[in-house]
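Please consult it alongside the sequence and coordinates shown here.

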Amino acid sequence: MNIWQRLRAVYTRRLRRSPTPLDLPVIFEHFQEILADNQKAMEIITDLGEKAGGEYIFDWHYLADAVQRLQDVLLHLVKGLNLVADNRYTELYQTLDRIFLPLEAELRGRLNLAAEAPLVCPLGELPLDHPEMAGGKASNLAEISQRLSLPVPAGFVITTQAYRRYLEHNHFDERLHTILENWQAGLADERQSSRQIQYHILAGTVPVDVARAIRSQLEGGKKEKTWAVRSSAYGEDGELSFAGLHKSLLGVAGKNLLSAYKEVVASLYNPEALIYRQKMGLLGEEAAMAVLCQEMVSARVSGVAHSRALEMAAPDQVIIYAAPGPGQVVQGQGRVQRLLVHADPPFPVTWLPDDQTNGGPGTVAVGSDHVEGPGEPWHELLPEPLVRQLATWVSAIERYFKRAQEIEWAVDSEGQVWILQSRNLLIPQEKVPAIEDVCASCATQPVLLRDVGAVAHAGVGAGPVFKVQSDEDMGRFPAGAIMVTPFTAPWLALIVPKAAGIIAERGSAAGHLATIAREFRVPALVGVPDAMKILPDGEEITLDTYNRCIYQGQVRALLDYELLHPLVFEDSAEFRLLRRLLRRIAPLRLTDPQAPDFTPAGCTTVHDMVRYIHEKAVQELMDIPKSLSHPSGVQVWTLLSNVPLDLKILDLGGGIDPEASGSKVTLEQVRSRPLRALWEILSLPGVWSTEPIPVDFQGMMSSLTRTRTESPGMETGAGIDLAVVSDTYLNLHLRLGYHFNLVDARMEEEPVHNHLYFRFLGGVTDITRRSRRAQLLARILSRHHFKVDVKGDLVIARVLHLSAAEIETRLRLVGRLIGFTRQLDILLRRDEDVDQFEQTFFQQISPPGEDTAEGGQHGTTAPENPGPGR
Amino acid sequence: MEQRRLKILVLDDEPIVCKRLKPNLEKVGFEVDIFTDSTEALHHIQEHPYDIVITDLKMKIVDGMRFLKEVKKNSPQTEVIIITGFATLETAKESYKQGVFDFIAKPFKLGEIQKVVEQAAAKIRASEKAG
């Protein structure tokens, strides 16, 4: 069975509508709209991503507007695909709702879907940026554990959703409201009100579903395991500090967990807490208590650390308060040892002698008994390597939260350090540097670079320059250094969390490294030319991306100001909302069109939907030739050319010489400008192949079948090589061996109608090599002002609104690339090869007497070359 | 000779705009007061002149255009910069007639507004020198 027979068989098996000639122009119009919408959607997504970097000021309206625009475009895309595909994708309307309803709920500030707000959630799986669900304390710990990968005792959160269930289940909502109203009206004082509320809460029962969810978290562990049950009220440890107002219980046995839960929940209505919330302007009912349950660490030593020893007037040092056993420092009991650790390598440790240890650590109550003699010697209890490790972690947490931190920690019997809690350190106003001093310091500090690059993440960071160019450099990267790198490769992600700042010579604010920097809140400047040359290795610098400025040395006043002034933009409601929205919008999870979940139901984000629709639209076009194989009265031309491809041409109007007859045409008879431009280049010697090419028809066919059979597992019915053309339009599908190329181009008088879209996918080698080829393509295309997106081995490149001549120039480049990539299928063995092949390509395209892809503006000058022997 | 610090008033009923602009402009040497309540700001400017006023266009109660007129009435030399999410050509034209210094559309970059503010500051300093 030859290929046509097989195609026909596939066709007859599939009961699908055969497009009539009238349908085709309409289908291609829709297809172009889909491409345009696809681009619009990606632009909105990129735009939102960039806003997360802190360089922009935006408000809620912007977010609402962007989501609305995105929804409109997606709706249009779904409609478009269904028009092209005869309504075979109506399921996508449900997908649209499934993805956009939660986005709308987020915008309204509501998480009303039960699945979205679980009753109980393990700390390691807690969704980030939802402090209203888990409270500040638990959210902070989740970030420390999930983002910074620091050891936090395992546990789970009983969410504010469970708290609301609790009130509802015990029919207490109304009663609570009345008591609080009476108190606010002055009819009862806070002690009476508090007593009443707490009585009701403690007398209530935990709803069955909540109790079941809690018990399921207790299963599997050791029986004798005990728990720390801590308050994690919404707002606590966040912008507002409720530190110490609520209850935390230690050493709770599993069987007593439910009563401990009630006790902690009741503490939300302590008289002090009521007064505090009133002062802060928080209404009674707004308060909600999440409860964090963590496995107890059997501590041989524990304590508190401040990332800035402000109380010792040593703001560049970490101060650690330590006492033997668990919880003594916090409870203000026992012997307390103080240590100062320098924040920079080699982290020298100063053990403060007894006579300096008078007085408590600022906001933490410390007992007056101090270490007098070594009960157990401190160097055994808390050896210096552990002290240094703790100090580096404390600094990392401070860097992440961009605030001086107060951290509770413990060391267990095995010598493992654990982070138990972290909250913003309360800073007395007089410690915040005066803004005049900041201005003065910045004005006098020597500047290494100014007003260069794009802001990927806003912020200020200081540290020694550390240049990263290889895997070995990655391994040696010291925490707290400034990463300076010539590229923005994805593998750099590994060291981003350790960096105090990032400076990259390449990249854009919408790129991959920028996204990672934002995730870890690391100040980052990308697209800084010559950064590798200008910034000396090891030199201490201060990177201020708010002002796109790199200072020599540490600008102390600026750094202190950043750590101590009141607003961290990442913590503002708008930024948190944006990050929550982005999580439902930006990630691309559907990457493999062959995967079983590449379905409407498999789409979990807006990006997934865009990708899915795009892929399906392309597939629909690929299916068209199958129906064309059926004798349906449609004129399909075969192109005679020295390129060994059996290209079929379908003319929508004006694309083929009206004088042409029979079923075959030569390139001279092709009137479609875009097809001519591309095919002329493809026919040049050395473009398609460096080897001699058989030119007779038989040779052409055998070459064609060879290309096909070289691809094991490839479905033969996957499509033929087809160009759909008009005088100014080209839609071209080429399946070359393992590569699939799609070109869609329009060349009209008015640049506003013009576009060129090039999509490349596939390859026979492993994904790494394929990705290298994708990188190579992306680089070459970018140099010609294409907007390029690369996902694994998929390259999508577009230009818009260029003059016909400029589109033509780029079509010729694309033609060369199609030929070029065909030749280097398995040659890209190492990353360095990408550079080499890039050079080879540019050498190839500029032999004397031929226009380069960049320079050629004067139409097609290359000779037609149909004859053998060339 | 050290230059005097110029005073800026920022009015926007979205607190995030004020909260972010204040430290940013302070860091480059301006003295900044912020308001989210337009009525309050209106009262305030009767007594306290500013060198530069940055105001949102679309606000509840007192809108940006009215605020602009009031500012100019009280102190004609004050430079006003309008920020808005709904910049239409018509309002832009109208505000230029009222003597607005420049227009910035939301969302905007910190660097963008800083540049405009610095241009306004340069104009003020130049006229002070001349005057």
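The structure is a predicted model. In strand β22(A), A:Ile649 stands opposite A:Trp637, a residue of strand β21 of chain A. The points below begin with this strand and then turn to a helix pair and the cores.

**Strand β21 and its partners**
- Strand β21(A) covers residues 636-640, and its side chains alternate between two faces.
- β21(A) pairs with β22(A), residues 648-653, in the antiparallel sense through three bridges.
- With β23(A), residues 664-666, β21(A) runs parallel, and three bridges join the two strands.
- A:Thr666 in β23(A) is the bridge partner of A:Leu640.

**Helices α4 and α20**
- The axes of α4(A), residues 91-107, and α20(A), residues 573-585, come within 10 Å and cross at roughly 175°; the two helices are therefore roughly antiparallel.
- A:Ile99, A:Pro102, A:Leu103 and A:Glu106 of α4(A) meet A:Leu577, A:Arg580, A:Leu581 and A:Arg584 of α20(A).
- By class, this contact comprises five nonpolar, no polar and three charged residues.

**Nonpolar cores**
- The largest nonpolar core has 187 residues, and those with the most contacts inside it are A:Ala456, A:Ile482, A:Ile503, A:Val526 and B:Ile8.
- Helix α3(A), residues 60-84, contributes the largest share of this core, 11 residues.
- Apart from this core lies another of 88 residues, including A:Tyr234, A:Leu274, A:Ile320 and A:Val411.
- Beyond its neighbours within four places in sequence, A:Ile482 has contacts that include A:Phe466, A:Ile503, A:Ile541 and A:Leu543.

Definitions and conventions. Residues are numbered from 1 along each chain as its sequence is written. Chains are lettered from A and ligands numbered from 1 in the order in which they are written. This is a predicted model: local features need pLDDT of at least 70, side-chain atom pairs count only at pLDDT 80 or more; totals for chains, interfaces and linings use all residues. A residue is buried if 20 or more other C-beta atoms lie within 10 Å of its own, exposed if 12 or fewer, and partly exposed in between; C-beta atoms are placed from the backbone. Helices (H or I, at least four residues) and strands (E, at least two) are DSSP runs, numbered from the N terminus. Two strands pair if DSSP finds at least two bridges between them. Axes are lines fitted to C-alpha atoms, for helices over the stretch in contact, and angles run from 0 to 180 degrees between N-to-C directions. Angles under 35 degrees count as roughly parallel, over 145 as roughly antiparallel, 65 to 115 as roughly perpendicular and the rest as oblique. Two residues are in contact if their C-beta atoms, placed from the backbone, lie within 7 Å. Ala, Val, Leu, Ile, Met, Phe, Trp, Tyr, Cys and Pro count as nonpolar, Asp, Glu, Lys and Arg as charged, and the others, Gly among them, as polar. A nonpolar core is a set of buried Ala, Val, Leu, Ile, Met, Phe, Trp, Tyr and Cys residues joined through C-beta atoms within 7 Å.
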